[in-house]
Amino acid sequence: MKHRKLLGLAALAAGILLTACTGDRKADIELPAETRTFVDNLFNEPEYRAIEIDNRYDDGTWYYIALKDGSEITVNSDGDWRQVYCSKGDVPTQIVPLEIQQYIVANYAPSLVITGIERTAGGDYMVDITERQRLLFDKAGNPRPAR
């Protein structure tokens, strides 16, 4: 009987710990139509692994989406993206401003690819390329010095 109580308490504690660690993210959320359309258009037949509400931002409801290929997307209900990271391959070029693509091609080895892109609240871009380099660009796609 004591073992059952201890096992029950251990399971309860584990559940509380897992809930505390997830913060404002909630699993198994249905995506708004515009959000799903954005992801479906960006990735060829995406297989969803997880969809969570991400309330870390002050400007509305955002969704954290993890795909089975390892890609991660943060997008709002209007289909506006904040972050896209691809663990296998490069970020789809349709979301990377042309000026940023041209700068990377002109200044880095052709074998380097964009593995992640993030848009800041101010509209600037942080771009991750292979070899773990992060580049900064302003709203217009002009390179900025590292912070």
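**Figure 1. Strand β6 is mostly covered in this predicted model.** Of the 5 residues in β6, 5 are buried. Both faces of the strand are covered. On one side lie Tyr 125, Val 127 and Ile 129, and on the other lie Met 126 and Asp 128.

**Figure 2. Strands β5 and β6 run antiparallel and are joined by 5 bridges.** Strand β5 comprises residues 114–119. Within this pairing, Arg 119 stands opposite Tyr 125 of β6. The two strands form a hairpin with 5 residues between them. In the turn, Gly 123 has a positive phi of about 95 degrees.

**Figure 3. Strand β6 is also joined to strand β7, which covers residues 133–137.** The two strands run antiparallel, and 5 bridges connect them. Tyr 125 stands opposite Phe 137 in β7. A hairpin is formed by β6 and β7, with 3 residues between the strands. Glu 131, in the turn of this hairpin, has a positive phi of about 70 degrees.

**Figure 4. Asp 128 is a buried residue of strand β6.** The strand that holds Asp 128 spans residues 125–129. Asp 128 counts as buried because its relative accessibility is 15%, and buried means under 20%. The side chain of Asp 128 makes a polar contact with the side chain of Arg 134, at 2.7 Å. Leaving aside residues up to four places away in sequence, Asp 128 touches Tyr 85, Val 113, Ile 114, Thr 115, Gly 116, Gln 133 and Arg 134.

**Figure 5. Trp 81 and Tyr 125 form a tilted aromatic pair.** A search of the whole structure finds 3 aromatic pairs. In the pair formed by Trp 81 and Tyr 125, the rings are 6.4 Å apart from centre to centre, with 40 degrees between their planes. This pair links distant parts of the chain, as Trp 81 lies in strand β4 (residues 81–85) and Tyr 125 in strand β6, 44 residues apart. Trp 81 has a relative accessibility of 6% and therefore counts as buried. Tyr 125 likewise counts as buried, because its relative accessibility is 10%.

Key. Residues numbered from 1 in each chain as written. Predicted model: local features only at pLDDT ≥ 70, side-chain atom pairs only at ≥ 80, totals over all residues. Heavy atoms only, no water. Helix = DSSP H or I, 4+ residues; strand = E, 2+ residues; numbered from the N terminus. Buried < 20%, exposed > 50% of the residue type's maximum accessible area, 1.4 Å probe, protein only. Polar contact = N/O pair within 3.5 Å; in protein donor to acceptor, adjacent residues only side chain to side chain. Contact = heavy atoms within 4.5 Å. Phe/Tyr/Trp six-rings, centres within 6.5 Å; stacked < 30°, edge-to-face > 60°. Pairing = 2+ DSSP bridges.
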